[in-house]
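Hello, and thanks for asking me to look this one over. Here are my notes, written with the modelling details kept in view.

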Amino acid sequence: MSESLSRLHFLFLLLLCCVSPSSFYTLQNPVVGLVSCHHHKIQAFTQFMNEFDTRGCNHNDSFNGVWCDKLTGAVTKLQLRDCLSGTLKPNSSLFGFHHLRYLDLSQNKFTSAKLHSEFGNLDKLEVLSLSFNGFRGQVPSSFSNLNMLSILDLSHNELTCSFPLVRNLSKLSYLDLSHNELIGSFPLVRNLSKLSYLDLSHNELIGSFPLVRNLSKLSYLDLSYNHLSGKLNSNNSLFGLHHLRYLDLGFNNFSSSLPSEFGNLNKLEVFTLTSNDFSGRIFPTISNLTRLIELRLDLNKFTGSFPPVQNLTKLSILALGYNQFTGTIPSYLLTLPLLSVLDLRDNHLFGSIEVSSNSSTSSRLEVMLIGVNQFEGKILEPISKLINLRVLDLSFLNTSYVIELNLLSSLKSLVNFGISGSSISQASLRSDSSIPLTIESLESKGKSLSGYGAFLVSA
């Protein structure tokens with residue numbers, strides 16, 4: 001990817017960072033009926049804290065602390081986020097809190113960090129969050145003793161084991177093992193009929209798509225950034241997950257065409273297949289996915305005409321770049337009422353672009369990346385009607401017309417404009433040109449002209 005396209009891609013990712021998976025799943029705390037602890041219980045809690053350096057701890061943080069059961073008085077909830085620094089030892093007083101039902105030690109600075117088997121002694125735990133701690137090595141087999149768990153979060157560590165034993169954890173509704181170094185294949189998962197959230201992204205898992213037919217309540221599935229491979233056949237267990245709202249298989253090595261059965265997952269709101277080896281035409285049943293907010297099929301080998309997305313009126317992000325789509329952009333595309341990001345880069349699209357008068361005033365489009373295609377006509381004239389654009393890439397367009405940069409004058413919010421490899425009208429580069437001064441960088445002929453407004457004044 002050229003330097004200019006890389007810059008545009010980086011800004012594109014920045015604009016997407018506000019889209020959070022948390023909007024698709026709300027954690028329900030199962031531990032209720034808690035009160036402040038008696039003095040001697042607080043002393044035990046203080047003893048645990050004294051095992052660590054707590055100088056970086058915000059002691060006024062109301063979310064951190066210890067709570068007890070209002071009936072039994074036992075320590076039931078312990079939460080210390082971003083508070084502890086030091087070594088968590090196997091003889092820590094933590095493992096003496098046998099009535100704990102809720103334990104959150106995420107975002108601490110444990111040194112010589114490993115997950116001790118003593119965690120398995122806390123067998124009344126319903127919530128266990130140990131994310132962002134740098135834990136290394138194996139997940140102890142004793143974790144399979146925690147059969148009361150409904151929420152388990154071990155994400156953002158350095159765990160290097162094979163997939164941990166979770167088959168006994170039949171009450172799990174939330175399992176996050178993402179951003180580790182888990183290896184091997186995904187095992188057959190049984191007895192997890194309550195699981196609704198599963199994130200295994202950013203690991204080193206291999207093999208074909210896992211058998212997930214028992215996960216009938218699953219609404220969130222993220223397997224991105226692994227090494228999964230093979231074909232997705234029409235009888236794959238994936239297509240039985242009728243409650244899926246979020247599906248991300250991006251950055252793997254799947255190599256099949258897309259089965260039309262994807263169209264049966266009609267509750268999907270986010271559907272991502274970025275950076276695989278999927279090929280062939282897009283199934284017509286994609287038009288059934290009318291709840292989609294994000295559709296990302298970029299960086300594959302899809303062919304054929306533009307996918308039929310006219311029914312997807314909730315789409316905010318449509319990424320089809322770096323494929324082999326041919327034909328024209330359908331006239332309805334820029335009338336989709338919520339579309340804010342459109343990436344069509346590096347395909348074989350041709351023809352003109354139509355922007356109706358209604359689209360010019362109602363369009364929410366902020367990012368439009370259509371470089372490395374074969375569009376015809378005075379391409380910038382209709383685009384200049386999309387007045388909310390912040391990022392525009394017209395790089396390496398095979399068009400016989402020179403691009404008049406004066407037409408950018410209506411794009412008052414434009415921040416980044418890529419035009420490398422395309423023909424520019426020299427007259428529109430004069431210092432008295434009406435190019436918006438809001439442009440922070442203009443990518444032209446492989447060069448980044450930062451602070452372009454100032455460049456024009458001084459030219």
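1. **Ground rules.** This is a predicted model, in which local features need pLDDT of at least 70 and side-chain atom pairs count only at pLDDT 80 or more, while totals for chains, interfaces and linings use all residues. Residues are numbered from 1 along each chain as its sequence is written, and side-chain values use heavy atoms, with hydrogens and water left out.

2. Helices (H or I, at least four residues) and strands (E, at least two) are DSSP runs, numbered from the N terminus. Two strands count as paired if DSSP finds at least two bridges between them. β2 and β3 run antiparallel and are joined by four bridges, with Val 66 opposite Leu 78 in β3. They make a hairpin with five residues between the strands, and Gly 73 in the turn has a positive phi of about 80°. β3 also runs parallel to strand β5 (residues 102-104), joined by three bridges; there Gln 79 has Asp 104 as its bridge partner.

3. **Burial of β3.** Buried here means under 20% relative accessible area, exposed means over 50%, and partly exposed lies in between (1.4 Å probe, protein chains only). Five of the five residues of β3 are buried, so the strand is largely enclosed by the rest of the structure.

4. **The four-stranded sheet.** An open sheet with parallel pairing has the order β12-β14-β16-β18. Its edge strands, each pairing on one side only, are β12 (183-185) and β18 (253-254). Strand β16 (residues 227-230) runs parallel to β18 through two bridges, and Gly 230 has Phe 254 in β18 as its bridge partner.

5. **The five-stranded sheet.** A further open sheet, again with parallel pairing, runs β20-β22-β24-β26-β28. Here β20 (279-280) and β28 (374-375) are the edge strands, each pairing on one side only. Strand β22 (residues 301-304) pairs with β24 in the parallel sense over two bridges, and Thr 303 is partnered by Gln 324 in β24. β24 in turn pairs with strand β26 (residues 348-351), parallel and over two bridges, where Gly 327 has Leu 349 as its partner. β26 and β28 are also parallel, with two bridges; Gly 351 is the bridge partner of Phe 375 in β28.

6. **Two faces of β24.** In a regular strand the side chains alternate between the two faces of the sheet. In strand β24 (residues 324-327), Phe 325 and Gly 327 make up the covered face, and Gln 324 and Thr 326 the uncovered one.

7. **The nonpolar cores.** A nonpolar core is a set of buried Ala, Val, Leu, Ile, Met, Phe, Trp, Tyr and Cys residues joined through side-chain atoms within 4.5 Å. The largest one has 121 residues, of which Leu 94 and Leu 392 touch the most other members. α2 (39-49), β2 (65-69), β3 (75-79) and α4 (380-383) each supply at least two residues of this core, and α2 gives the most, with three. A second, separate core of nine residues includes Tyr 102, Ile 151, Tyr 197 and Val 270.

8. **A loop residue to look at.** Is Ser 106 buried or exposed? Ser 106 is buried, with a relative accessible area of 0%, and lies in the loop between β5 and β6 (109-110). Contact means heavy atoms within 4.5 Å. Leaving aside neighbours within four places in sequence, the contacts of Ser 106 include Asp 82, Ser 129 and Asn 133. Ser 106 and Asp 82 are 24 residues apart in sequence and 6.7 Å apart in space, C-alpha to C-alpha.

9. **Cavities.** A cavity is a set of points, on a 1 Å grid over the protein atoms alone, where a 1.4 Å probe fits but cannot get out; lining residues have an atom within 4 Å of a point. Grid points are joined across faces, edges and corners, and a volume is the space filled by probe spheres set on the points. The count comes to two cavities of 30 Å³ or more. The largest holds about 40 Å³, and its lining includes Leu 333, Leu 334, Ser 363 and Arg 364.

Definitions and conventions. On a 1 Å grid over the protein atoms alone, a cavity is a set of points where a 1.4 Å probe fits but cannot get out, and a pocket is an open set with protein on both sides within 12 Å along at least five of seven lines; lining residues have an atom within 4 Å of a point.
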